[in-house]
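Try each task before you read its solution.

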Amino acid sequence: MQPENETKIFAEVVFPVPVDHAYTYSIPEKFRGDLLPGMRVLAEFGARKSTGFVVGVNADAGRSGLKAIEEVLDPVPLFTPEVLDLARWIAHYYLCGWGEVLKAALPSGIHKHSVKVVRLTHERPLELAALLEKRAPRQSQIVRQLAEKNPLPVRELTSRADAGSIDASLAKLRQAGFIRYELMLPRPRVGQKFENFVRTAEGWNEESLFTLATELRKSAPRQAALLDYLCQHAGEEFGRGDLAREARVPPDVVSALETRGVLLRSRIVVQRDYYGELEVAPPPQLVLNPGQREALRIIGGELERRQFATALIHGVTGSGKTQVYIEAIARVLAEGGSAIVLVPEIALTPQMVRRFRAHFGRLVAVFHSRMSPGERYDSWRATWEGKHRIVIGPRSAIFAPLADVRLIVVDEEHEPSYKQNDLTPRYHARDVAVMRAKLNRAVVVLGSATPALESYYNALSGKYRLISMPNRIDDVPMPQIAFVDMRSEPKIIGRTDPVILSRYLRQKIDEKLSRGEQIILFQNRRGFATLFKCSSCGYVAECENCSISLTYHLRGRLLKCHYCGFVRKAPEVCPKCGGLDLFFRGIGTQRIEEELKELFPGIKAVRMDLDTTRGRHAHDRILSAFGRGEYQILLGTQMVAKGLDFPRVTLVGVISADSELHFPDFRAGERTFQLLTQVAGRAGRKERLGEVVIQTFTPEHSALLFVRHHDYVNFYAAEVKEREPLGYPPFSRMTHILFKGEEEAAVLRTANQFAACLRPDEAYRALGPAPSPLARLEGLYRYQMLLMSSKEGDAGGSLTRAVLRKALETFRKKHRAHRVQIIIDVDPASIM
């Protein structure tokens, strides 16, 4: 054990790379004593300089000849010891690098990494380019590019060149002494925003300003006009540009008064706030009902104990869970603590933000992907500085730099969006929330009307405290649900395409519209049609990069892939047989929108899906307009299924309940039950009884039968009864191993080689390798394996993870797979 006063001259540093250990660097004398765990440093790593994270400092490294840290990037630690420990647990559990986790915990764009650049050293580049034109045209082109901008990053120079590779040409230019390579450190992409402000300098008052204005009235009338304006606003501070606009003078007039010493300029940090203009009314005085009071009593008791605890609130839609969260947070703040509230991205609406800010004002910070990088950075920085004590956001908010976290709420805890699928680290925010609460001796509250089966299983087994809220606020009845069997729905005379709105749903829409009530229509498919087909030869328009059919979009007559973004014009004739008999199959939100215009002329409907919400604040504008009653019908994808509370909505129509039901995923029934129950919950509040119409081709499916009666408990019992014999979660832990690359043979070979490196063990069983359900995506072939570990034989999954680490180590020693990616996903949300 090292003495506390011993000088720490070595640092353990992790980088955002997929390795499971730290690197040791020497600490230069000028940084000794000041460098602490949680700070960022700049250090040489491989062939470049990169941002790393200090995770430990030591007096003895055990070896000599170490590289030195080049720069310390932070005056104080960005991470508390608790968050460093949390990141280390995530790296260990999800089999990724500690540095990768720490990078994900910070706002994007603040890290420094050196870039390899090419610098032209010849004094007369245009003459050199002309000289090289005939004998080495590619070298000439490179010189001309560098003459325009010197230096240039190698990657940018390559993209500007006509040819694919310029390595040989660069080597010859370097050998001739015309260029050299350098490492350049670009500025971070985001940082604090500064604005120039002005105010009257000391010694200037209304009288002296007026006197000067009088003197300048003829010689400098614009300066005099600005002085008159300042007389009326003595003592105020202005944004420099704002002052010129408000006083109606050119900016150089402001500069002139600065030169005279009348105005004093200062540079001030400004806070960018996505919700800065959100109007927030005082919260109404609410009296909790018995169910809410009981939930709050249980949570409050756990908070008083100051011990780690997890509670699952199983509360029906409209039962008042959010108010319970707010009351619990108020108790935490009163005791000096802080809180994190995780909300699925699509449920993070202005309604939600307004409600929390009404109670807690500027103590609330909001993180979400619709914010600009600068806005996200400012929210993070203000939180880190201690200006906020509540953070609301999607999964990444679990890393919020709050001190003394005593309560973490995970609303709609069943949502698959809490699992990061596409980037490392592939963590589940709900499970990370539980671990962060454990490290803080805090309370975590999971809330849902349709809990994940794993969470409900944990509650029934005693791992979590179960809190039931079976009744809606004011005892409002649950909406009545009716199913329409679309197999027996008659076709519309004169039309060959499928029926979109059944007779019963059309009747209900008419009924609600005649009463001035509002309607939500749900279809989890955007675009116009999901299939573009030739009836003569059977040709189906498919993506060039993915094994998936293209979706037809009405605007621009485009065929789009919703996985990789591939787009092309819809053909007028079949590209295979030249036939003209092309037709659409499948129903997207655009097609429903056209149907509404035809069936209900004059009725204002608004569509909300990814295509209509790309713009800044577009999501908020649509919901606000619908809330004000500007539209009678809100049509959308799962964006309309959660987080919305509109009292005039009395009807929810589900166009097709089958879209998720038949996916080749063992969670398909669970996802369908959750989604339909959640969207049904948007109907009916207080005096207005809600109704739900669900259209389906499989009304006999067990998941739908339980939806009809809002019966989660029996749905859970039936679902686990099917999963237990198969050993699926919640009775096991699952690890998904994906292999993907451009050449199918190489992908399959790599998958088989990796499978051979897995040591046989009773702790798990392996399935595969086999082609993935989506066998090709974004131009890459995909094979997969599943490892299933029993919770009895490997309770925490540590044995299986040890086997995987050993397999990776063995594979890297024996094989080379540069063109095949191996992605390990622990506790996957989907196996597609």
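**Exercise 1.** Work out how the axes of helix H20 (residues 668-680) and helix H22 (residues 712-726) are arranged, and say which residues make the contact.

*Solution.* Keep in mind that this is a predicted model.
- Start with the axes: those of H20 and H22 come within 11 Å and cross at roughly 170°.
- Angles over 145 degrees count as roughly antiparallel, so H20 is roughly antiparallel to H22.
- Now list the contact residues. H20 brings Gly669, Glu670 and Phe673, while H22 brings Tyr712, Phe715, Glu719 and Arg723.
- Finally, sort them by type: 3 are nonpolar, 1 is polar and 3 are charged.

**Exercise 2.** Check whether the length of helix H11 (residues 290-305) fits its residue count, then find what its buried side packs against.

*Solution.* 
- H11 has 16 residues, and at 1.5 Å a residue it should span 22 Å.
- Next, pick out the buried residues of H11: Gln292, Ala295, Leu296, Ile298, Ile299, Gly300, Glu302 and Leu303.
- For the spacing in that list, recall that an α-helix has 3.6 residues a turn, so residues three or four places apart point the same way.
- Just past the end of H11, look at the backbone of Arg306, which takes a positive phi of about 55°.

**Exercise 3.** Trace the open sheet that contains S31 and S32, and find the helix that packs on it.

*Solution.* 
- Read off the strand order: S31-S32-S30-S33, 4 strands with antiparallel pairing.
- The edges are S31 (764-777) and S33 (820-826), since each of these pairs on one side only.
- On average, neighbouring strands here are turned by 20° against each other, ignoring direction.
- Helix H23 (residues 744-757) packs on this sheet and touches S30 (732-741), S31, S32 and S33. The direction of H23 makes about 20° with that of S32.
- Zoom in on S31 and S32 (residues 780-790), which pair antiparallel over 8 bridges. Leu777 has Leu780 in S32 as its bridge partner.
- The hairpin of S31 and S32 has 2 residues between the strands, and Glu778 there takes a positive phi near 50°.

Conventions. Residues are numbered from 1 along each chain as its sequence is written. This is a predicted model: local features need pLDDT of at least 70, side-chain atom pairs count only at pLDDT 80 or more; totals for chains, interfaces and linings use all residues. Side-chain values use heavy atoms; hydrogens and water are left out. The expected span of a helix is 1.5 Å times one less than its number of residues. Buried means under 20% relative accessible area, exposed over 50%, partly exposed in between (1.4 Å probe, protein chains only). Contact means heavy atoms within 4.5 Å. Two strands pair if DSSP finds at least two bridges between them. Axes are lines fitted to C-alpha atoms, for helices over the stretch in contact, and angles run from 0 to 180 degrees between N-to-C directions. Angles under 35 degrees count as roughly parallel, over 145 as roughly antiparallel, 65 to 115 as roughly perpendicular and the rest as oblique. Ala, Val, Leu, Ile, Met, Phe, Trp, Tyr, Cys and Pro count as nonpolar, Asp, Glu, Lys and Arg as charged, and the others, Gly among them, as polar.
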